[in-house]
Amino acid sequence: MQTQDFYKFKLGFKGKLIENSVDAFDVANTILATSQSLQELAVIHFGEQTAKEIKLNINAFKQGSLETDFLMFYNVAKDNIAPLLPIVGSIYETGKTILSGYKTYIDVKKLLKGRRPKKVVAKDNSTVSITAFDNATINITYNDFRALQSPTLAKNVEKSILPLTKEGSELEEIVIESEEKNTLTIKRSDTPYLMASEETQVLSEVKYKGIISKIDTKACSGYLDIGSKRLPFNYEKSLPQENFLILVESLKRRIQIYLIGQVTMDYQNNPRNMFVKDVQSDVKLFE
């Protein structure tokens with residue numbers, strides 16, 4: 001077991017950047033929102049008393065790098081934190097648990113792809129099983145499940161990844177690497193699933209016309225360009241082959257097609273994500 005009096009992890013930005021630079025406000029907002037997310041996870045996992053004693057510092061960016069080190073440590077003398085140690089353990093173990101909770105939150109959101117779970121089952125006194133629409137399953141702790149239900153955590157996670165959603169941004173990934181070398185990568189394509197959902201509504205069937213600009217066959221996802229806007233979408237692996245070929249044809253030839261499916265809308269009636277139920281070519285609709 002580690003005995004050091006701090007826990008360290010890295011946060012970095014990657015993309016097609018000019019002179020290895022990134023917008024200062026984007027960096028500041030991501031660091032602040034990530035810190036607030038970790039603070040709330042500390043409360044969820046260890047309680048408010050312990051969370052108040054945890055301090056989070058960052059090192060300056062190194063020359064030629066867009067990575068910064070976060071240092072987590074107890075903000076009181078060892079004698080004062082000693083009564084809590086049997087409960088929370090060393091700062092290394094505490095930090096490891098908090099960062100692992102953050103990774104689990106992101107992993108579950110990615111798994112669900114913007115949709116509600118298909119099934120949630122309490123397996124025992126410490127584990128909850130979550131099944132996504134494609135039957136992929138992940139087992140998490142009750143504390144992790146509490147984190148998934150937190151609206152403030154959802155808002156802070158959304159704020160932390162907003163730089164990836166900006167029009168014209170050269171950023172492509174936000175990467176967090178733990179002291180144990182476990183890496184969490186948040187890609188631009190992940191952002192629709194990490195937006196706070198408290199002010200959204202789901203419409204069961206909507207039709208959009210546009211051009212496919214990207215398809216990821218592994219993730220069963222892609223983007224539909226509607227004028228100057230991009231609508232992220234997902235489809236099931238069982239999507240009929242003829243429908244998938246229409247997607248590919250639109251991508252290759254830049255022709256307009258129709259996607260029909262369930263859409264998550266924000267409070268301003270903007271589509272955030274679509275789950276595709278049917279694909280139709282422009283020609284087919286007018287036959």
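Reader: What are the ground rules for the numbers?
Author: The model is predicted; local features need pLDDT of at least 70, side-chain atom pairs count only at pLDDT 80 or more, and totals for chains, interfaces and linings use all residues. Residues are numbered from 1 along each chain as its sequence is written, and side-chain values use heavy atoms, without hydrogens and water.

Reader: At what angle do α1 and α7 pack?
Author: About 155°, with axes 8 Å apart. Helix α1 is residues 24-46 and α7 is 151-161. That makes the pair roughly antiparallel (angles over 145 degrees). Axes are lines fitted to C-alpha atoms, for helices over the stretch in contact, and angles run from 0 to 180 degrees between N-to-C directions. Helices are DSSP runs of H or I, at least four residues; strands are E, at least two.

Reader: Which residues meet there?
Author: From α1, Thr30, Ala33, Thr34, Gln36, Ser37, Glu40 and Leu41. They meet Thr152, Leu153, Asn156, Val157, Lys159 and Ser160 in α7. Contact means heavy atoms within 4.5 Å.

Reader: Now the barrel. What is the strand order?
Author: β9-β10-β11-β13-β12, closed, 5 strands, mixed pairing. The twist averages 55° from one strand to the next.

Reader: Are β11 and β13 parallel or antiparallel?
Author: Parallel, over 2 bridges. Pairing needs at least two DSSP bridges. Asparagine 234 stands opposite phenylalanine 275 in β13.

Reader: Which strands does α8 lie across?
Author: Helix α8 (residues 241-253) lies across β9, β11, β12 and β13. It runs at about 55° to β9.

Conventions: Angles under 35 degrees count as roughly parallel, over 145 as roughly antiparallel, 65 to 115 as roughly perpendicular and the rest as oblique.
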